[in-house]
Amino acid sequence: MARMQRPQSCPRRRAAAIRARAPAIAAARRLAVVLLGAALGAQSSRALAEDAPPPAFNWAGLYLGASFGAGFPLHGSERLQATSGFGSPVFDLYPKGVTRPGVTVGAQTGYNWQKGPWVWGFETDFSLLDGRRGPTGAVLSSPVHPAPPFFTLVSNSSANFFASIRGRAGYAWGRSLFYLTGGVAAGGARGPATLTLGAGAPDAIFYAPWSQSSRMKYVIGAGFEYAFADHWSARAEYLFLNQSLNTQVFDNGADFVYVSRVRNETHILRFGLNYHFGAVNEIPGELRYGQRPHGDNHDSADGANNGAYDAPELYSVHAQTTNVVQAYPRFRALYDGPNSFPSGGKANVGSTTDLFLGLRLWEGGAVYLNPEIDAGYGLTDSVGAASYVNAAVAKVGRTAPYMRFQRYFLRQIIGLNGGEGQRDFDIGSRNEVLESTQNQISGKVDKDRIIITLGKFAVPDVFDDNVYAHDPTTGFLNFAFNEMGAFDYAADAWGYTYGLATEWKQDWWTARGGVFQLSTVPNGVDIEPQLFRQFMGVAEFEARYDLFNQPGAIKFLAFADNGHISKIDDDIRYAYLTGDFPPRVDAVRRRAVKTGGGINVKQQIAPHLGFFLRASMADGRYETVDYTDIDRQLSMGVVAGGTWWGRDDDEIGFAGALSGLHGDRVRYFELGGTSVYIGDGALSYAGEKNMEAYYKIGFGKNIDATFDYQLLVNPAHNGARGPINVFGLRFRAAF
């Protein structure tokens, strides 16, 4: 998953101001950039732009709005098909669902580029959608039905919402915009349900869990938008929403099954109102980098404008797509298990595409949103090694693309220098300028500051960062080199959770603390909904220093997971007591606290050459909570920039790691137990060893291709299998 970058001090890399009186210059500097995985376009022709007349309304830039309308479902009937155990369609049931036109209300945000009359961009939205509800109540059976004369179906309401990431392309005429749109959608899930036949004998009660389709969901449509004021527009839009075929399975526990299949397709007509922030992305009235008030002169002795104040951004828009192909040949193995790398060889491809949107709300405060599209699989469907080989794609793999809102959070920066210099024209020793990058809006801040982050994000966005090894979309792919292996941090199956983090940054040190919700069950897809019922506390202290005139830092981290966690020895005892083998981690879960910690070192050896080291340990008496199956680990490596050999955008890295398990966990896997990432059905214990090397070829700052090689010795801590040679190729494009 893409990490949030937070450089300590970096120059602004923004373009010169786009003046309202010079739209021709603005058009000449417009770049067509990556949208949903493609790098598009090139710099527009200045000569053509200078000849173009000023548009009646400039659609370029960020916009935010709301919509209201109606949805018209296409399919109203439902059939409970009698399958296993029944033997005849005469047992089929036909409940009466509630399917009718319904109201839809939601919010949207997006970004446009414009060249002449042509407008293109992207939009993401979230909307409530009434009109389709699961059937509930007692219903008469068919007269030919041989079962009891009525049945009762109690169904929790469907997840009546939809969300999407869509591309948009249109033609502007005067203050009007006609456009087409289409993309990937989400939603359409169904909640748990209960089916009761007749009076409800024990074998006549059928249960169905929460369900949704794994097929691709999509939305296509068209619209008309009119700008009725300088920053405001109204629109009418038609969408066809396909949330795919949803299958729900009802089981009575005695080999009798009903299956319900519903196709979720809806026509949507809605009207919206948008506010456009404009293409000039700066706060009005602020000075830009290099500008001076009249009569002022703060140039340095060498003539550089390195003391100039840079006006803060109003909003931040970035995107990134990452595609990874990995494969390994046949290797030695005495046996394969349920969570093993198949010994015959395997290849998989997976991708993630992210939008990173940020909007400044007030001084120091900003809100961020990260919708994401995932597709494909990690190697062997994300199992087989404790230090798993691909952290760049989602663990939850699907053949069809699907979307989720992975991050949405508020960040507040509070300066501790009393606001001194906040609106002065020099960047002094007590200020620094933040770069415009993913999940960060540029602007000047106090060097000494407090940073508060609240919402849904990833724990490693704030904790256990290391400039040389932390982002699997640009650096090392293996788990062992991106976070501490024994840092069992709170997360859902995609790596994100709800939480609060606070950072206190001073001259040479930073203290961090946070509290985060665990998943409902270890490594589950759902985050614990009740606050502090299952949670993690984490603290980190960072000290910065110079060693032989080269900057470095060391971090000390401690964490505690408090939730319903299985103690491995209890699971083993339960298996012997009941004769239920192999042992299971979900057999005896109770309230417990799992603790751990580690150190993280980064050290520059020379410019564009650095070293990293991580060492961590956790209480291995307990199961893996939300990260991976490692109880102790040591990892280290070296990363060098291509400046050393004349290719500034290239990079090379080498790293190695040693991992191990607690004795209770060794016994558990020897008995055939499985866990989050490993479980070979048996175990000849030997600590897992990993080596990774990569070479990244940069085609500019935002497009690169990486060749990656990994060697796994004793994969899954098992000396009876391996070694495994894993070859990978990663493509990344961003703006």
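Student: How do the residues of the lining of the second largest pocket divide into nonpolar, polar and charged?

Tutor: The model is predicted: local features need pLDDT of at least 70, side-chain atom pairs count only at pLDDT 80 or more, and totals for chains, interfaces and linings use all residues. Residues are numbered from 1 along each chain as its sequence is written, and side-chain values use heavy atoms, leaving out hydrogens and water. Ala, Val, Leu, Ile, Met, Phe, Trp, Tyr, Cys and Pro count as nonpolar, Asp, Glu, Lys and Arg as charged, and the others, Gly among them, as polar. Here the lining has 17 nonpolar, four polar and seven charged residues.

Student: Which element gives the largest share of that lining?

Tutor: Strands are DSSP runs of E, at least two residues, and helices are runs of H or I, at least four, numbered from the N terminus. Strand β19 gives the largest share, six residues.

Student: How do helix α3 and helix α4 pack?

Tutor: Axes are lines fitted to C-alpha atoms, for helices over the stretch in contact, and angles run from 0 to 180 degrees between N-to-C directions. Helix α3 (residues 568–578) and helix α4 (residues 663–670) pack at about 35 degrees, with axes 9 Å apart.

Student: Which residues meet there?

Tutor: Contact means heavy atoms within 4.5 Å. I568, D569 and I572 in α3 meet D664, R665, R667 and Y668 in α4. The residues of this contact divide into three nonpolar, no polar and four charged.

Student: What share of the protein chain is buried?

Tutor: Buried means under 20% relative accessible area (1.4 Å probe, protein chains only). Buried residues make up 55% of the 735 residues.

Technical notes:
Buried < 20%, exposed > 50% of the residue type's maximum accessible area, 1.4 Å probe, protein only.
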